[in-house]
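The following note sets out points for a colleague who has the model open. Please read it alongside the sequence and the coordinates.

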Amino acid sequence: MFDITSVCRRSDLTLPVRIIFMGNYTGNDIYCDLIIPDKTGLRIVKETSTVLAFYHTKPHWPVHIVVIPKIHIVDLLELTNKNGLASELFDTVKEVAAMVKSQEGACRVLTNIGDYQKSKHLHFLIISGDATADNIV
Ligand SMILES: [Zn+2]
């Protein structure tokens, strides 16, 4: 069995190959393990020094945008405004939600905690439209 993490971080991988590996990811923090170290191929909506917003690579809704802090924070309950992170994160969530609302007419903003949270890295979903697959968030 090869090391999927090191393979995914190779910059010479073509996007489809990388997306396939990401789809097979079996860890519990895809953001720290794969997304933040190598943003190759992501459709980035907004990026600051501390926050990243991007279109999900395997969307479950017609519009499925993920907003994450670039440092590891487990969930909303652990978020503080140290160094202004909470402010920047919520400003980005609001900005993306306003963009989706203007384009689609409506959106939902969602974050999971505890057993509902598959990836143990704080992430907000900005979604719009009917679910197209299992609501795995
Ligand atoms: Zn993390």
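1. A hairpin of 3 residues connects β1 to β2. These two strands pair in the antiparallel sense over 3 bridges, where pairing requires that DSSP finds at least two bridges between the strands. Within this pair, E47 stands opposite L52 of β2. The strands (E, at least two residues) and helices (H or I, at least four residues) named here are DSSP runs, numbered from the N terminus.

2. The basis of the note should be stated. This is a predicted model, in which local features need pLDDT of at least 70 and side-chain atom pairs count only at pLDDT 80 or more, while totals for chains, interfaces and linings use all residues. Residue numbers start from 1 along each chain as its sequence is written.

3. As to overall content, the protein has 4 helices and 5 strands, and from the N terminus the order is α-α-α-β-β-β-α-β-β. Of its 137 residues, 23% count as buried; a residue is buried if 20 or more other C-beta atoms lie within 10 Å of its own, exposed if 12 or fewer, and partly exposed in between, with C-beta atoms placed from the backbone. Among contacts with a separation of 6 or more, 59% link residues 24 or more positions apart. Two residues are in contact if their C-beta atoms, placed from the backbone, lie within 7 Å.

4. The 5 strands form an open sheet in the order β1-β2-β3-β5-β4, with antiparallel pairing. Its edge strands are β1 and β4, each of which pairs on one side only. Neighbouring strands are turned by 15° against each other on average, direction ignored; axes are lines fitted to C-alpha atoms, for helices over the stretch in contact, and angles run from 0 to 180 degrees between N-to-C directions.

5. Two further pairings may be checked in the model. β2 and β3 run antiparallel and are joined by 5 bridges, with L52 opposite I68 in β3. β4 and β5 are also antiparallel, over 3 bridges, and V109 stands opposite I126 in β5.

6. Helix α4 comprises 20 residues (85-104), and at 1.5 Å a residue it should span 28 Å, which agrees with the 28 Å between its end C-alpha atoms. The expected span is 1.5 Å times one less than the number of residues. Just after α4, G105 takes a positive phi of about 95°.

7. Which residues of α4 are buried? They are L89, T92, V96, A97 and V100. These residues cover an arc of only 130° around the axis, which puts them on the same side of α4; the arc is that of the directions from the helix axis to the C-beta atoms. The face turned away from this buried side carries the exposed residues S87, A98 and S102.

8. α4 lies across β1, β2, β3, β4 and β5, and runs at about 170° to β3. The cover over the buried residues of α4 includes β1 (44-47), β2 (51-55), β3 (63-69), β4 (108-110) and β5 (124-128).

9. T111 is located in the loop between β4 and β5. Is T111 buried or partly exposed? T111 counts as partly exposed because it has 16 C-beta neighbours inside 10 Å. Leaving aside neighbours within four places in sequence, T111 is in contact with L76, L122, H123 and F124. T111 and L125 are 14 residues apart in sequence, with their C-alpha atoms 6.3 Å apart in space.
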